[in-house]
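Colleague: I have the sequence and the coordinates open. Can we go through them together?

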Amino acid sequence: MTDVVTTVAVAMFAGAVRVSTPFLFVSLGECLTEKSGRINLGLEGTLVFGAMSAYAVSYLSGSPWVGVLAAGLAGSLFGALHGAICRLPKVSDIAIGIALMLFGTGFAFFLGKGFIQPTAPRLQAIDLGFLVSDPQLKVALQINPLFFIGLILAVVLWWGFANTRIGLVVRMTGDSAATARAMGVSVDGVRFWATTVGGFLAGVGGAFLSLFYPGSWNEGLSSGQGLMAVALVIFSRWNPLACVAAALLFGAAGALGPALQSVGISQGYHFFNAAPHILTLAIMIATSSSKRSLKGAPGELSITK
Amino acid sequence: MSKFLLSRRTLLKSAAASLVGAPFVGGVETATAAGLTIGIVYVGPRDDFGWNQAHAVAAVELKKVPGVTVVEEENVPETIAVQKTMESMIQLDGAKLIFATSFGYFDPHMIEMAKKYPDVEFRHAIGLWQKDKHPSNAGSYYAYLHQAHYVDGIAAGLSTKTNKLGFIAAKPISSVLQNINAFTMGVRKVNPAATVQVIFTGDWSLPVREAEATNALADAGCDVITCHVDSPKVVVETAEKRGVMCCGHNASQASLAPKGFITGAEYKWATIYKNFAELLSKGEKLPNFERGGYDRDYVRNTAFGPAASEAARKAATAAIADLKANEPYVAGELKDNKGNVVVPAGKVVDNYDVFLETTNYLVEGVIGSAG
């Protein structure tokens with residue numbers, strides 16, 4: 001019995017590390033965008049497009065890191081497009097986000113046709129397996145550098161929001177556009193850049209999918225992870241550090257279904273496969289209240305206003 | 001409702017025809033006079049290393065037949081969109097035979113089209129056609145891929161060292177369960193001590209969960225992993241990364257696992273497609289319900305990879321010879337993994353017995369549950 005528990009626990013830890021990175025990058029990007037008072041639902045499309053462009057550029061250039069950069073740049077183009085369109089009067093950021101989501105996935109499928117078959121150079125993991133002796137843990141500790149970059153980024157964002165001028169300007173724009181204008185800050189300008197940088201991060205998240213785990217480009221690659229990551233931001237109450245926890249939790253919960261089946265617990269696997277979503281629902285219900293708006297929500301956000 | 005929907009191409013063509021004049025209204029006939037045009041509709045990309053690729057490979061073969069023109073469309077959703085695709089293949093390209101290769105194309109889409117175009121033949125790649133329910137210019141064709149999975153199992157059973165094998169499956173439906181069972185029967189025929197651990201992912205294409213499942217199986221000590229998902233690419237690549245052996249499914253994945261590949265279960269739709277083209281060119285009636293396995297050359301195994309041992313190759317090749325001679329491989333006493341007898345002792349199940357298609361159990365030796 002302890003064997004089973006250990007196997008499942010290690011599998012969930014490994015799953016958390018392996019699966020969380022795209023969630024982390026997309027939710028950090030979205031966190032930044034939403035902090036500035038705008039919501040970009042198009043990140044699913046950005047993620048897929050990032051995955052495709054990373055794989056394609058890695059294949060063509062021979063360098064996976066050039067692919068990661070290309071994915072980031074492609075993502076920031078999508079973000080910039082969202083930011084630029086939303087500057088126009090009477091434009092709904094939610095509608096534009098949905099349009100860009102469909103456009104991003106469709107365009108990625110179109111351009112990605114020729115890259116399903118070829119094998120591109122992938123990102124290499126940092127092997128921390130020497131730290132432990134357990135073979136299962138050894139495998140779990142082959143960690144992609146992007147995971148660590150994501151962790152550092154989360155801390156930087158969290159610190160930056162609270163302690164830097166830029167962070168303050170972004171938060172102010174998100175909480176009260178009128179105040180920002182009174183301070184002489186260009187609200188649209190701040191939101192444009194926040195969305196562009198957010199798009200960059202989402203694109204990098206896509207690169208992780210196609211260049212590391214699961215590590216190939218095909219049209220079913222994302223299966224909605226970009227959308228889940230947007231939900232994670234609300235779930236983690238616009239706190240970058242909580243985004244890390246949420247992404248890890250999601251990764252671990254996603255590993256639960258396969259891990260339980262691998263040790264022979266197969267009853268109700270549909271339920272375990274749905275664990276991440278059930279978990280989100282449960283936490284959302286437990287922490288929400290009909291008497292106040294969500295704690296930490298930027299005041300200008302169109303969904304909470 | 002569908003009656004009033006015309007595809008854009010149909011509409012443009014009709015408009016053009018009416019502008020030019022009456023002689024072109026019967027343009028469909030002139031289009032086919034040169035030879036036979038066959039339309040193939042895919043639900044996903046043609047190069048998915050899986051189900052769609054298996055059909056696309058056959059389409060390439062079909063194109064080599066003199067007098068045959070093949071028109072294809074990929075990524076066609078199982079909605080009204082497939083009706084539009086079929087209509088434009090018929091109206092614009094003059095297709096006389098349509099292969100609809102995805103489960104959800106059948107009812108109502110293909111049936112509607114078959115009623116609307118009684119002189120065009122429609123065939124669907126899963127055995128859903130019923131004589132008293134569906135039009136006679138429609139039909140089904142199906143290949144017994146489980147026979148090739150059985151051969152996979154024999155090769156895998158002789159290649160495993162841990163006696164633990166893994167099977168990643170999409171959904172617990174009959175055709176999937178048949179493949180798991182056939183694989184397990186093959187494994188246990190040559191290696192009664194081995195078990196097959198099954199993981200259901202819940203859907204046909206979930207790359208991240210498929211990768212997780214492969215890792216979970218490798219962590220649990222499985223040293224051979226195979227699957228039944230739409231595109232086995234992720235499973236095979238992840239298995240190779242983990243240094244475990246693998247067997248393929250649907251199409252050839254040999255190139256994805258240069259070290260760990262044993263063999264794989266592949267469709268050989270080209271046989272059916274070419275037969276149908278030949279029958280139609282001769283003006284003969286196509287069968288409405290076509291099915292078969294190794295005996296009719298409808299399935300095959302991928303050429304052995306480096307992980308297949310000498311003994312595995314020998315035993316698998318012998319099993320293929322038996323199946324080609326239509327020797328049954330399912331025989332009593334066969335128990336499911338809950339201990340119930342599903343085939344009583346002494347009974348032999350013929351390869352064409354519909355009993356096999358009603359599989360709703362996992363055989364003894366499989367760890368997992370279909371429910």
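**Fold, contact and core**

Modeller: Chain A has 13 helices and two strands. Bear in mind that this is a predicted model.

Colleague: How does the radius of gyration of chain A stand against the globule rule?

Modeller: The globule rule gives 19 Å for 305 residues. The value for chain A is close to that, so chain A is as compact as a globular protein of that length. Its radius of gyration is 20 Å.

Colleague: What box do the C-alpha atoms of chain A fill?

Modeller: The box is taken along the principal axes. Its size is roughly 60 × 50 × 35 Å.

Colleague: What share of the contacts in chain A with a separation of 6 or more joins residues 24 or more positions apart?

Modeller: Burial first: 54% of the 305 residues of chain A count as buried. Now the contacts with a separation of 6 or more. Residues 24 or more positions apart account for 78%.

Colleague: Is α2(A) mostly covered or mostly open, and how many of its residues are buried?

Modeller: A residue needs 20 or more other C-beta atoms within 10 Å of its own to count as buried. By that cut-off α2(A) is mostly covered. Of its 19 residues, the buried ones number 16.

Colleague: Which residue takes a positive phi just after α2(A)?

Modeller: Look just past the end of the helix. The phi there is about 85°, and the residue is G62(A).

Colleague: Which helix gives the largest share of the side of chain A that touches chain B?

Modeller: The contact takes 31 residues from chain A and 30 residues from chain B. On the chain A side, α1 (2-35), α11 (240-262) and α12 (269-273) each supply at least two residues. By class, that side has twelve nonpolar, 17 polar and two charged residues. The largest share, six residues, comes from α11(A).

Colleague: Which residues touch the most other members of the largest nonpolar core?

Modeller: That core holds 208 residues. It draws at least three residues from each of domain 1 and domain 2 of chain B. The residues asked for are C243(A), C246(B) and I262(B).

Technical notes
Residues are numbered from 1 along each chain as its sequence is written. Chains are lettered from A and ligands numbered from 1 in the order in which they are written. This is a predicted model: local features need pLDDT of at least 70, side-chain atom pairs count only at pLDDT 80 or more; totals for chains, interfaces and linings use all residues. A residue is buried if 20 or more other C-beta atoms lie within 10 Å of its own, exposed if 12 or fewer, and partly exposed in between; C-beta atoms are placed from the backbone. Helices (H or I, at least four residues) and strands (E, at least two) are DSSP runs, numbered from the N terminus. The radius of gyration is taken over C-alpha atoms; the globule rule is 2.2 Å times the number of residues to the power 0.38. Two residues are in contact if their C-beta atoms, placed from the backbone, lie within 7 Å. Ala, Val, Leu, Ile, Met, Phe, Trp, Tyr, Cys and Pro count as nonpolar, Asp, Glu, Lys and Arg as charged, and the others, Gly among them, as polar. A nonpolar core is a set of buried Ala, Val, Leu, Ile, Met, Phe, Trp, Tyr and Cys residues joined through C-beta atoms within 7 Å. Domain bounds come from an automatic or database domain assignment.
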